[in-house]
Amino acid sequence: MFGDIVVANVHDMYDLLTLKVLIGFKFVSCFCSHAQYLVKSDDDNYLLVNELDEVISEEQKKLKRSPDVNDTRPFRSVSTGSKSDF
């Protein structure tokens, strides 16, 4: 319908998860090179789009202010788990 489902000849096993993710990345690099962002999710994830938009906006502001791009840090929400999870 939307052409956004990637089908690959791979058994659905946890051990092959990395391969499935790489297949998805290859699809994106070949057919979605114009995309500014990529979100990889799964059926057991819940994505808060409004919060993601806010995080992206804040990170873009930091990048514009920072003369050193290597100075950025990943965003991790401690409220979703314990600090030992990170």
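## Cysteines

Taking a disulfide as a pair of cysteine sulfur atoms within 2.5 Å, the count for this predicted model comes to zero disulfides. The sulfur of Cys 30 has its closest cysteine sulfur in Cys 32, at 9.3 Å, which is too far for a bond. Cys 32 is likewise in no disulfide, the nearest cysteine sulfur being that of Cys 30, 9.3 Å away. With a relative accessible area of 24%, Cys 32 is partly exposed, on a scale where buried means under 20% relative accessible area, exposed means over 50% and partly exposed lies in between (1.4 Å probe, protein chains only).

## Basis of the model

The model is predicted, and local features need pLDDT of at least 70, while side-chain atom pairs count only at pLDDT 80 or more and totals for chains, interfaces and linings use all residues. Residues are numbered from 1 along each chain as its sequence is written, and side-chain values use heavy atoms, with hydrogens and water left out.

## Overall architecture and surface

The secondary structure of the chain comes to two helices and zero strands, where helices (H or I, at least four residues) and strands (E, at least two) are DSSP runs numbered from the N terminus. Helix H1 covers residues 17–31, and helix H2 covers residues 49–65.

Of the 86 residues of the chain, 2% count as buried. The chain exposes about 8300 Å², of which carbon and sulfur atoms supply 55%; accessible areas come from the Shrake-Rupley method with a 1.4 Å probe, and for residues only the protein chains shown count as cover.

## Aromatic and nonpolar groups

A search of the whole structure finds one aromatic pair. The ring centres of Phe 27 and Phe 31 are 5.1 Å apart and the ring planes stand at 40°, so this pair is tilted; rings of Phe, Tyr and Trp (its six-membered ring) pair if their centres lie within 6.5 Å, with planes under 30 degrees apart counted as stacked, over 60 as edge-to-face and the rest as tilted. Because Phe 27 and Phe 31 are four residues apart in helix H1, about one helical turn separates them. Phe 27 is partly exposed at a relative accessible area of 24%, whereas Phe 31, at 58% relative accessibility, counts as exposed.

Helix H1 is also the place of Phe 25, which counts as partly exposed at 39% relative accessibility. Together with Leu 22 and Leu 38, Phe 25 makes a nonpolar surface patch of about 290 Å². Patches are made of residues with over 30% relative accessible area and no salt bridge, like charges being joined within 9 Å and nonpolar side chains (Val, Leu, Ile, Met, Phe, Trp, Tyr) within 5 Å.

## Salt bridges

Two salt bridges are found in a search of the whole structure, a salt bridge being a side-chain nitrogen of Lys or Arg within 4 Å of a carboxyl oxygen of Asp or Glu. One of them joins the side chains of Asp 12 and Lys 20, at 2.6 Å from N to O. Asp 12 lies in the segment before H1 and is exposed, with a relative accessible area of 70%, whereas Lys 20 counts as partly exposed at 29% relative accessibility.

In a further salt bridge, the side chains of Lys 61 and Glu 58 meet at 3.4 Å, N to O. Both Lys 61 and Glu 58 lie in helix H2, where a spacing of three residues amounts to about one turn of the helix. Lys 61 is partly exposed, with a relative accessible area of 43%, and Glu 58 is partly exposed as well, with a relative accessible area of 39%.
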